Amino acid sequence: MSPQPQSNPKSKAPGSLPLLPVRDVVVFPTMVLPLAVGREKSIRALEESMATHHLVFVTTQKKVQVDDPQEDDLFLVGTVCEVLQMAKMPDGTFKILVEGVQRAVLQELRTVPDKNYSEAKLHRVEEPVEESKEVLALSRQINSLFDQYVKLTRRVPMEVAASVQSIDEPGHLSDAVASHLFLKTADKQNLLEILPVRLRMEKVIESLTAEIEILNLEKRIQARVRSQIEKSQKEYYLTEQMKAIQKELRQKDDFVKEVQDIYEKVKEAKMTDEAREVARKECERLEKMTPFSPEATVIRTYLDWLIQLPWAVKTKDNLDMVLCEKILNGEHYGLEKAKERIVEYLAVLKLVKKMKGPILCFVGPPGVGKTSLARSIANALGRNFVRISLGGVRDEAEIRGHRRTYIGSLPGRIMQSLRKSKSKNPVFLLDEIDKMGSDWRGDPSAALLEVLDPEQNSNFTDHYLDVGFDLSEVLFITTANSLYNIPVSLHDRLEVVRFPGYMDSEKIAITRNFLIPKQLKEHGLESQQLEMDDSVLKKILTDYTQEAGVRNVERQIAKICRKVAKKSASAGSPASIHLKQSQLQEYLGIPEFYKDSRVTNGVGVATGLAWTEHGGELLAIEVNAMKGKGKLLLTGKLGEVMRESAQAALSYVRAQSKKFKIQNGFFQETDFHVHVPEGAVPKDGPSAGIAIGTAVASVCSGRAVKKYIAMTGEITLRGQVLPIGGFKEKVIAAHREGIKTVLYPEGNRKDLTEIPPEILKDVKLVSVKQMEDVLHQALE
């Protein structure tokens with residue numbers, strides 16, 4: 001901060017002063033005002049002033065947009081001001097506090113060349129002291145009017161009014177009052193330019209009087225508006241009361257009519273006797289209530305649910321078995337067991353006319369057509385189709401509904417879906433039944449026991465509706481990737497139909513007959529715009545997909561269609577492409593899988609077969625023997641069952657060490673490390689026992705495992721080979737990976753009928769009873 005000057009500024013004011021032009025503000029003598037200074041010339045003028053006498057000449061610009069004002073751009077009458085304080089701001093500008101000293105008239109303006117600021121040559125205006133009675137009267141008039149102005153405007157503090165009252169000198173009084181008036185810049189400049197004190201005082205009185213009149217007019221307008229608003233509010237309130245009274249009188253009749261309509265709808269709904277009696281009692285309760293009570297709204301909603309359920313509405317079944325088979329075959333390739341089961345159901349229905357719907361469970365890996373087949377079944381039977389996904393459902397109320405005591409309660413998803421289906425015999429798909437959970441809100445799988453039991457679901461009771469509903473004519477179909485997560489009691493009620501996955505030949509047929517036409521249509525392409533041979537489809541299956549279903553195959557076909565659509569759009573005419581194997585990388589990128597990468601049999605390495613939710617998989621099992629103390633190390637994120645299989649396999653090999661000609665003490669001095677690659681993927685199940693035993697026997701005997709052989713089966717401590725599940729899926733996976741021989745448990749011989757003939761031509765299936773048989777077949 002710069003210090004204040006100590007002497008009287010009037011006494012030392014020179015004839016020329018640095019110029020400080022300002023915008024939109026007029027500085028009067030005696031007026032103290034903060035200013036922001038940012039222009040280069042103005043900053044230089046301030047620095048010159050602070051270095052000498054702390055005085056500047058402040059005058060107002062005629063046009064605010066001028067950055068470098070000349071003499072013609074400035075009002076000639078301004079004010080000599082003393083700079084009381086000056087501070088530099090962070091952005092490089094200056095904040096100053098100035099006090100008006102006296103009026104001055106600009107006579108000449110020149111630029112100081114070396115210091116780059118404007119200097120004004122001035123004629124200072126000396127104001128004589130007038131003490132006439134007229135001036136005294138004018139002073140009293142100004143004080144009186146200013147006092148009124150302050151009380152009306154409320155924008156001038158009362159302390160300012162008190163300080164103005166204490167000013168005796170008439171010229172200073174008029175300047176002080178003028179500085180606090182909210183006038184236009186031009187009007188304030190006119191006041192500054194009136195040099196005679198008496199005339200200036202008269203002009204101030206005139207301005208004050210005009211401002212007071214405007215303020216009084218504003219006050220009257222505000223009072224009138226306030227009065228009109230209060231009147232309008234009163235009229236609105238009375239009008240609303242009148243409307244409410246009239247509405248109550250009229251709505252009583254409307255409410256009676258509404259209840260009568262509900263009675264009629266209850267009769268037309270053809271409910272069961274139990275539901276009709278409950279609906280009648282609820283209607284009687286509704287009649288006795290006021291129309292807009294909360295309880296009346298709850299009853300209305302409940303009755304609406306009862307009325308809209310399909311109590312007696314049924315769709316007529318299509319009993320033409322030939323047509324049914326044609327529809328199923330036209331929409332899905334393969335899946336003979338599932339299709340045969342539906343045709344059998346239709347045949348029995350045709351004979352007995354009425355039967356309980358079966359509870360089917362389609363189990364298989366993703367992408368094999370479980371959900372879409374359910375929709376095709378509905379089309380074939382001529383029934384409505386509804387689907388609910390049970391994945392992630394953890395609340396029993398999702399199935400049975402909430403009781404009506406809760407606010408916002410609703411029926412469960414079973415009854416909600418039946419209402420949407422608009423018939424009591426739809427095909428009802430319960431998707432992902434193996435993905436349900438349970439917590440403190442209940443177990444939804446337990447609630448499904450009643451829904452999926454043909455002996456109980458003829459009188460299913462939803463908690464919200466609290467009346468029985470017949471679900472026996474509904475054809476329930478559930479889907480799951482695995483049966484392991486389904487509770488035993490629920491599993492017992494399901495008729496399981498397995499979807500083992502597709503072979504490559506089936507995938508090629510599905511792709512050509514279903515997926516390619518579908519994707520061409522979705523991408524706006526004609527059939528002649530994209531052609532590909534079976535060899536190309538085969539390469540897509542082996543190099544770009546590795547799955548039991550065809551979901552990823554469809555994605556790859558869609559990717560190719562997008563590329564073709566892009567070429568057609570860029571060329572402006574339809575592109576016709578005959579895709580070859582050599583072009584696949586251009587359309588699909590680098591291959592994701594390689595044919596022989598999974599088969600790495602050798603000394604201590606065997607190939608097992610496993611079943612997962614995604615179908616059959618190959619399992620490379622590696623065993624290393626190292627100097628140690630007889631410890632067994634298991635890695636590869638193995639589950640508890642596989643760990644036990646590994647321990648049993650090692651125990652068997654140790655017990656049979658004489659047969660394998662293994663030296664005494666070998667197991668006490670050797671550590672075994674069993675590892676299953678892809679360590680980030682969890683693995684579990686009993687199928688890997690003989691594969692682990694073969695790998696251990698191989699590393700102990702030094703005999704390599706034959707290259708193109710895989711095996712599946714559980715091992716006991718006595719060397720027996722126990723049967724396993726998922727046999728067909730495992731054999732399909734082995735065929736897909738180029739395996740030539742598969743060893744399987746004798747107990748699974750019954751499953752050979754499910755293996756397609758084309759696989760039996762390429763893969764030799766050898767049954768084994770004992771571990772000795774396995775080692776005889778597997779080791780070199």
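Rings of Phe, Tyr and Trp (the six-membered ring in the case of Trp) are taken to pair if their centres lie within 6.5 Å, and a pair is called stacked with planes under 30 degrees apart, edge-to-face over 60 degrees, and tilted for the rest. By this criterion, ring pairs join F666, F667 and F672 into a cluster. The structure is a predicted model, in which local features need a pLDDT of at least 70 and side-chain atom pairs count only at pLDDT 80 or more, whereas totals for chains, interfaces and linings use all residues. Residues are numbered from 1 along each chain as its sequence is written, and side-chain values use heavy atoms, with hydrogens and water left out.

The mean pLDDT of the protein, where pLDDT is the predictor's confidence in each residue on a scale from 0 to 100, is 83, and 94% of the residues reach 70 or more. Over residues 1–7 the pLDDT is below 50, although this stretch has 15 contacts in the model beyond near neighbours in sequence, a contact being defined by heavy atoms within 4.5 Å. Where pLDDT is low, the predicted coordinates should not be read in detail.

F146 is classed as buried because its relative accessible area is 1%, the classes being buried under 20%, exposed over 50% and partly exposed in between (1.4 Å probe, protein chains only). Y149 likewise counts as buried, at 1% relative accessibility. W311 and F469 form a tilted pair, with 5.0 Å between the centres and 55° between the planes. This pair links distant parts of the chain, 158 residues apart, with W311 in the loop between α9 (294–308) and α10 (321–331) and F469 in strand β11 (residues 468–469). Both W311 and F469 are buried.

Charged groups over rings were also identified, the criterion being NZ of Lys or CZ of Arg within 6 Å of the ring centre and within 35 degrees of the ring normal. R404 lies over the face of Y302, at 3.7 Å from the ring centre, and the charged end of R419 sits over the ring of W305, 4.0 Å from its centre.

D175, in helix α5 (residues 170–179), is buried, with a relative accessible area of 1%. Apart from neighbours within four places in sequence, D175 is in contact with F28, P29, T30, R103, E127 and R200.

Conventions:
Helices (H or I, at least four residues) and strands (E, at least two) are DSSP runs, numbered from the N terminus.
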